[in-house]
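Trainee: I would like to work through this model with you, one question at a time.

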Amino acid sequence: MIKKIIIALIAIIAGIFLVKVCSGTKTDCWLNNKIMASYPKGTINEPEAEPDIAEIYIDASASMKPYFTTSDSRMVYTVSEINNLKKNTQIYFIGKPKPYTGLIADIIGDVRNQPSEATSTFDKFFGEMANRIDTVNTVVYLLTDGIMSIGKNTSKSLVELRGWIENSLKGHNDLAAAIYRYIGDFNGTYYDYTDKKVPFKGERPYFVIALGKKSAIRWLSHRPSTTLNNPEASLYLGTHDFDGHCNKAKLTSGEDILPLENKGQDITLILDLPNCLTGLDASSVKLSNNKKQIQLPVENKGGKKLQVQIPREVALSPEGDCYRITMSVANEIPSEWLTTWSCNKDSENPHNPTTFGLSTLIDGMARSLQPGEYSLKVDFVYKQK
């Protein structure tokens, strides 16, 4: 009897050991063919900090004045809310060295009285502010219609203008941006891409573009939408540590390349997302093996895990005695910013939702502030048993 009990205990202990071997942090196989990866603490460097000071710059160009000729208060509310984000925020009209000292509620009339610049290309303003942000922890907000203009040849010069924007922001390693899209009333003269004057009354988009240190723009990205007057959309450039996101996640097996528990059966890949990628759109995630795409849907489990099942029928190519499946997300701007809300000809329809040359502006900023092919890249490596 005692002998049987001892044998049973030995079997139980051996079973526990085998489970631990195949499921703990130190494993000899991937239990149930589940290959898991996560980002070790300290892998991603994305500190967040409130800026020391803040400034608001208002584009008072001719194309902006019709936003201030209506009784619509949305733009004034936008300026007011941003002004409230940071105590002692100063407001400037572009081209005026002294800050505005009046009430924000009266800013409509004051904008009308500002001298109008004929064109706006943004690169000079961006370059000056980027140089300043290198040495001063400030967030700079630009209120603008987002339209670049050099006169009658603007449409033919969009590629060149993109280069101006890109170069104005290059060489600033701790620089990031936020772009907020709003809708406001417009009543006056609209200047189309041929510089033709078009009378227009109706709704048009406008934008707030914020520049600051990466930590400050991350701080801004976590402000409630109401404190920004509820923008219709927001885009952040340069806030993520792409180097940390790509090829820095580790398999939970450590350095060992382990075999599957069940050869020839379905495989499940699981990636624990870092806090900065919580809620990642799973439809943007791609899978590949040996540079060939694997067309399978990826799920986001509770906003915190990416998971995909690879059916056994999927043919995979080995690398020596190992197999590698890559999970990645391309570094791309959401399509609405480049297509739905942008146009390269605006003479026929200046109505909301399009902004002339918006994609050029966004693309130029992105090329400097967040270059790179991927925003996330993880390799899952294993052996067949």
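Mentor: A residue counts as buried under 20% relative accessible area, as exposed over 50% and as partly exposed in between, with a 1.4 Å probe and protein chains only. This is a predicted model, in which local features need pLDDT of at least 70 and side-chain atom pairs count only at pLDDT 80 or more, while totals for chains, interfaces and linings use all residues. Residues are numbered from 1 along each chain as its sequence is written, and side-chain values use heavy atoms, leaving out hydrogens and water.

Trainee: Which residues of α5 are buried?

Mentor: Helices are DSSP runs of H or I with at least four residues, strands are runs of E with at least two, and both are numbered from the N terminus. The cover over the buried residues of α5 includes α4, β5 (175-191), β17 (355-356) and α9 (358-369). Those buried residues are Leu158, Leu161, Gly163, Ile165, Glu166, Ser168 and Leu169.

Trainee: At what angle do α4 and α5 pack?

Mentor: Axes are lines fitted to C-alpha atoms, for helices over the stretch in contact (heavy atoms within 4.5 Å), and angles run from 0 to 180 degrees between N-to-C directions. Helix α4 (residues 123-133) and helix α5 (residues 158-169) have axes 8 Å apart, and their packing angle is about 10°.

Trainee: Why are α4 and α5 described as roughly parallel?

Mentor: Angles over 145 degrees count as roughly antiparallel, 65 to 115 as roughly perpendicular, under 35 as roughly parallel and the rest as oblique. The angle here is about 10°, and α4 and α5 are therefore roughly parallel.

Trainee: Which residues of α4 and α5 make the contact?

Mentor: From α5 come Trp164, Ile165, Ser168 and Leu169. The α4 side consists of Asp123, Phe126, Gly127 and Ala130.
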